[in-house]
Protein chains: 2
Amino acid sequence: MRVLVIGAGAIGSFYGSLLAKSGCAVSVLARSDYAHIKAHGIDLTSETPLGRWHFSPAAVLRDAAELADPPDVVLLCVKVLPGLDRAALLRPTLGADTTIVLLSNGVEIEDEIAAAFPGHELIGGLAFICVTRTAPGRIWHQAYGHLALGNYPGGLSPTTQALAKAFASVGIACEATADIVTARWRKCLWNAAFNPLSVLSGGLSTVAMLDSQEPFIRAIMTEVCGIAHALGHPLDAQLIGQQIASTHRMPPYKTSMLLDFEAGRPMETEAILGNTVRAGRRAGVPIPHLESVYALMKLREMAPT
Amino acid sequence: MRVLVIGAGAIGSFYGSLLAKSGCAVSVLARSDYAHIKAHGIDLTSETPLGRWHFSPAAVLRDAAELADPPDVVLLCVKVLPGLDRAALLRPTLGADTTIVLLSNGVEIEDEIAAAFPGHELIGGLAFICVTRTAPGRIWHQAYGHLALGNYPGGLSPTTQALAKAFASVGIACEATADIVTARWRKCLWNAAFNPLSVLSGGLSTVAMLDSQEPFIRAIMTEVCGIAHALGHPLDAQLIGQQIASTHRMPPYKTSMLLDFEAGRPMETEAILGNTVRAGRRAGVPIPHLESVYALMKLREMAPT
């Protein structure tokens, strides 16, 4: 399978390098880190049994025009941000039969791409991982790493199953699901609560927030459940309790949004929280806690950090 | 009238000095600024027609034990903070007939003092003012200055009327109200929204918050109205619109809570927001926006600034 990874950040480098390890021909389209990766490839270090490995992409591209042949699969590994035109990034990389994989946080992030490329197979992906780009071409994998992949808006194609198998062959647990939309809502349950609260609190860890304001966190999660239910993607009634319990067991942890905020990078407020709120409004579900957190995040983004 | 002001901060110095100007014998119980005020008195500068004036207290005390005679009126001008025992501050200053005036922000801040001193006349007071202590014994009055005074839990005594008259005689508009509790809710409508949002937003001005998130601010204010109504202190239906409109007309303005936060001082979160939320819970009124803002403020207070 010929794979093109767009975005040589932590997520793209990590999962792209593992697809290469599994036998795929993986090229990388890099922006800011192009020169380093072209010269030196990517070095990865994991705190898990994956250990250390080096990734020499089949090709390192600065521009999609350099592509010799269109890939079988393009793996879009960029954050979903209001100013970033994902369709424009994808368009020049696609052959007639290229499958698009969106490996991104958030809910309802596929619609725009499905509308732009109706003739292409579209796979949604979720990464459950702590991984950081520490320097150009240097990736530090701290914990976790499992994936969920599924066709959008639903179903499970041979390509999705092949990708899941490829990841599994190199030690990455990958759930191939026929209902990626529900999987997104399940992950959003955690993200919509802990990500913005970590920023608005001024940098508290997940455990500190939970110890102090568990009822508030549960109220947010309950509203997310209500939206998912109203949109036909009901979540398991036990899920909130399970996520609270597993967060209590996690070591104190800085969310991805907090890391972005502290580094002065744009945050995925819209993909995670804005899309959730808009879905709730559309569904006519009362979501006053989510509306409050979203309004405060929009204010927080306006102020200097 | 012999008056003792407890607290030589901005509020105590400003209103105490004006009562002295009106002819009262005003002493000051000062803590951190005792030495400076004992030696030099208090210098005040106003941007209003009040101009500049000097205040030499009748006595400057470090300890209530130094009081020769109990005052007719004690004016408690300290912030209402969880760690501060206001009853303990008041107790040694009270003679049998001393009237207590609480000049403080917040709602439901009188009950504790009423319970501690059931035999004393108790007056609630609200100051609508921008005033700052720039150094020990140096007060800068930027704008506004009017007061509301009224007996707690209701009514209008001769002492309250005499105080209002004294303030009026030196150019301070002072509403003597028979319903100070409603006046507190009216002020809280603004404070419960703008004060915490200014902190959680990372320091935005009132106008910037309003321009971006007016519906959210209105939702908070609507909940405060609901609480006041449920507790028998209904606010005028026009009040939210009036406060929004007047805030639009104000110059961009940092709230008192934001100034405290930026200076690393404790904030009046409990007096303004916590007491509002507890009143709402007691009244059984749904207040999800207020609950969200309160939970986030409690988190924000836990994190290093």
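Modeller: Happy to; what follows goes from helix packing to salt bridges and then to the backbone.

One thing to keep in mind throughout is that this is a predicted model.

Let's start in chain B, with helix α10 (residues 269-283) and α11(B), whose axes come within 10 Å and cross at roughly 140°. The crossing of α10(B) and α11(B) is left-handed. On the α10(B) side, the contact is made by B:T269, B:E270, B:L273, B:G274, B:T276, B:V277, B:R278 and B:R281. Facing them from α11(B) are B:L290, B:E291, B:V293, B:Y294, B:M297, B:K298 and B:E301. Sorted by class, the residues in this contact of α10(B) with α11(B) are six nonpolar, three polar and six charged.

Two of the charged residues in that list, B:K298 and B:E301, also pair with each other. They form a salt bridge in which the closest N and O atoms are 2.9 Å apart. Both belong to helix α11 (residues 288-302) of chain B, and because they are three residues apart there, about one helical turn separates them. In chain A, A:E270, A:R278, A:K298 and A:E301 are linked in a network of salt bridges.

For another helix pair, look at chain A, where helix α6 (residues 180-200) packs with helix α7 (residues 206-230) at an angle of about 135°, their axes being 9 Å apart. That angle makes α6(A) oblique to α7(A). Here the crossing of α6(A) and α7(A) is right-handed. From α6(A), the contributors include A:W185, A:L189, A:W190, A:F194 and A:L197. On α7(A), the residues they meet include A:M209, A:L210, A:F216, A:I217, A:I220 and A:M221. The contact of α6(A) with α7(A) is made up of 18 nonpolar residues, two polar and no charged.

In chain A, A:R2 makes a salt bridge with A:D72, with 3.2 Å between the closest N and O atoms. The two are 70 residues apart, with A:R2 in strand β1 (residues 2-6) and A:D72 in the loop between β5 (60-61) and β6 (73-76) of chain A. Both count as partly exposed, A:R2 at 35% relative accessibility and A:D72 with a relative accessible area of 31%. In chain B, a salt bridge forms between B:R2 and B:D72, where the closest N and O atoms are 3.2 Å apart. That pair also links distant parts of its chain, from strand β1 (residues 2-6) of chain B to the loop between β5 (60-61) and β6 (73-76). B:R2 is partly exposed at 36%, and B:D72 is partly exposed at 32%. Over all chains, the count of salt bridges comes to 26.

Now for the backbone. Most residues other than glycine have a negative phi, and most peptide bonds are trans. Against that background, a cis peptide bond joins A:Y152 and A:P153, with omega about 5°. A:P153 sits in the loop between β9 (138-151) and α5 (158-169) of chain A. A cis peptide bond also joins B:Y152 and B:P153, with omega about 5°, and B:P153 is found in the loop between β9 (138-151) and α5 (158-169) of chain B.

Chain B also has positive phi values to look at. B:E108, in the loop between β7 (99-103) and α4 (111-116) of chain B, has a phi near 55°, and at 27% relative accessibility it counts as partly exposed. B:Y144 has a positive phi of about 60° although it is not a glycine. This tyrosine, B:Y144, lies in strand β9 of chain B and is partly exposed, with a relative accessible area of 46%.

Definitions and conventions: Residues are numbered from 1 along each chain as its sequence is written. Chains are lettered from A and ligands numbered from 1 in the order in which they are written. This is a predicted model: local features need pLDDT of at least 70, side-chain atom pairs count only at pLDDT 80 or more; totals for chains, interfaces and linings use all residues. Side-chain values use heavy atoms; hydrogens and water are left out. A salt bridge is a side-chain nitrogen of Lys or Arg within 4 Å of a carboxyl oxygen of Asp or Glu. Helices (H or I, at least four residues) and strands (E, at least two) are DSSP runs, numbered from the N terminus. Buried means under 20% relative accessible area, exposed over 50%, partly exposed in between (1.4 Å probe, protein chains only). Axes are lines fitted to C-alpha atoms, for helices over the stretch in contact, and angles run from 0 to 180 degrees between N-to-C directions. Angles under 35 degrees count as roughly parallel, over 145 as roughly antiparallel, 65 to 115 as roughly perpendicular and the rest as oblique. A crossing is left-handed if the near helix is turned anticlockwise from the far one by less than a right angle, and right-handed if clockwise. Contact means heavy atoms within 4.5 Å. Ala, Val, Leu, Ile, Met, Phe, Trp, Tyr, Cys and Pro count as nonpolar, Asp, Glu, Lys and Arg as charged, and the others, Gly among them, as polar.
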